[in-house]
Amino acid sequence: MINEFHRDTWIEVDLDAIQANIRQLSKRLKQNTVIMAVVKANAYGHGYLEVAEAALDAGAEWLAVAFLDEALFLRKHGFTAPILVLGATRPDDAGLAAAHGIRLTVFSADWIRSAREFLKEDTLQIHLKIDTGMGRLGFTDLKELKEAETVITDDSRMNIEGVFTHFATADEQDRTYADQQQERFLACLDVFEKKPAMIHASNSAGAFLRDNAAFNAVRFGISMYGLVPSGDISSEMPAPLTPALSLYTKMVQVKKLKAGDKVSYGATYTAEQDEWIATLPIGYADGWIRQMQGFEVLAGEYRAEIVGRVCMDQCMIRLPFEMKEGTVVTLVGNVSNDRILLDDIAAHNGTIHYESACLLTARVPRIYRKNGAIEKVFNHLK
Ligand SMILES: Cc1ncc(COP(=O)(O)O)c(C=O)c1O
């Protein structure tokens, strides 16, 4: 581990937790439901390859990403499982996707007409996306949906493998809007002459908070990483789910400031008395953003506040007493009876844990644990 990176800040990803979460989640699904592991955005900051492998080993059968480049990256690294690109892909890349067995999300009849030019002998597997109320990607017009089916059916190099939608409010207690979306989606299914093999609508929250009888696949992101989609529905999600990601650093300098001394850019923090300040080698270029000022971390086992502005590569904390340089500081994770969750960071920053996880940049090395031991270290810079 020492030789793999040369910086005292690192993320630990517990692959056992990811696998346990998938098993836990799958217990509550109806039989034969296909699990798509959503590994877009570097697996929500956890690492594309390691999470994809762990998820497939734990029973996920598909992978889902946002963009074709992410899918090609997985193929390049040997993943042969079906991969669905959830976002938009250029029609010009239809042949490339087909050649790699990568499924594309399609939401316009014109796209299909354009894509035909770029297909060779490989069949492009298509998942038609219906916009039932998210207002993002998807067919909104049933006539156009029908037209899409006809154009695809007329071309032997394309096949409608799936049809799907996405809920805007699956993680809210009030089910009214999601129910309306589901009704619209079910009505759209009647358009098809031949029902597509895969019908999916639910993300983590949707999979457990509604009747999924009409669907045969789910798309798990956040819950697979051990996080509950939103506080609103925590009691209704399968439990226990174990957060897989921890973030650590070490104190690289510990110094005593005198009353009146200042800390960091803008000199926004002034020591009120003699204080012990530790410098940590993590900053906003790692995703530890400037809004983290004022947040508490665990210096050893003690809560310590981030004081002064967070810099690009460093930030400072106020210690309750003098501590040794090299002491481990937990930014996300458990220490004794205390813990800091990505949810806490998100609450501090006025955002959601999805964003806090994705913000952790590639510069931070990742240590992967499996069966309790270090399985792999990944340093993007190596
Ligand atoms: C289309 C689609 N499906 C599924 C997911 C996974 O959602 P979650 O992380 O809430 O499980 C996402 C994530 O944003 C998504 O955009």
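This is a predicted model: local features need pLDDT of at least 70, side-chain atom pairs count only at pLDDT 80 or more; totals for chains, interfaces and linings use all residues.
User: How should I read the volume of the largest pocket, and what is it here?

Analyst: A pocket is an open set of points on a 1 Å grid over the protein atoms alone, where a 1.4 Å probe fits, with protein on both sides within 12 Å along at least five of seven lines. Points are joined across faces, edges and corners, and the volume is the space filled by probe spheres set on them. In this model the largest pocket comes to about 710 Å³.

User: Which residues lie nearest the centre of that pocket?

Analyst: Lining residues have an atom within 4 Å of a point. There are 31 of them here, and Lys-40, Tyr-44, Arg-136, His-166 and Tyr-354 sit nearest the centre. Elements giving two or more residues to the lining are helix H2 (40–44), helix H9 (204–209), strand E9 (217–220) and helix H11 (353–359). Those labels are DSSP runs numbered from the N terminus: helices are H or I with at least four residues, strands are E with at least two.

User: How does the lining split by class?

Analyst: Ala, Val, Leu, Ile, Met, Phe, Trp, Tyr, Cys and Pro count as nonpolar, Asp, Glu, Lys and Arg as charged, and the others, Gly among them, as polar. On that scheme you get 19 nonpolar, 6 polar and 6 charged residues.

User: Is His-166 buried or exposed?

Analyst: Buried means under 20% relative accessible area, exposed over 50%, and partly exposed in between (1.4 Å probe, protein chains only). His-166 has 17%, so it counts as buried. You'll find His-166 in the loop between strand E7 (158–164) and H8.

User: Which domains does the pocket lining draw on?

Analyst: Domain bounds come from an automatic or database assignment, which gives domain 1 (61–223) and domain 2 (245–378) here. Each supplies at least three residues to the lining, and the C-alpha centres of the two domains are 40 Å apart.

User: What is a salt bridge, and how many does the structure hold?

Analyst: Side chains of opposite charge can pair when their charged atoms come close. The cut-off is a side-chain nitrogen of Lys or Arg within 4 Å of a carboxyl oxygen of Asp or Glu. The structure holds 18.

User: Where in the chain do Asp-286 and Arg-363 sit?

Analyst: These two form a salt bridge, with the closest N and O atoms 2.9 Å apart. Asp-286 is in the loop between strand E14 (275–280) and strand E15 (296–299), and Arg-363 is in the loop between H11 and strand E20 (366–370), 77 residues apart. Asp-286 is buried at 0% relative accessibility, whereas Arg-363 is partly exposed at 27%.

User: What does the salt bridge between Lys-146 and Glu-193 tie together?

Analyst: Their side chains meet at 3.6 Å, N to O. Lys-146 lies in helix H7 (residues 142–153) and Glu-193 in the loop between helix H8 (176–189) and strand E8 (198–202), so the pair ties together parts 47 residues apart in sequence.

How values were computed: Residues are numbered from 1 along each chain as its sequence is written. Side-chain values use heavy atoms; hydrogens and water are left out.
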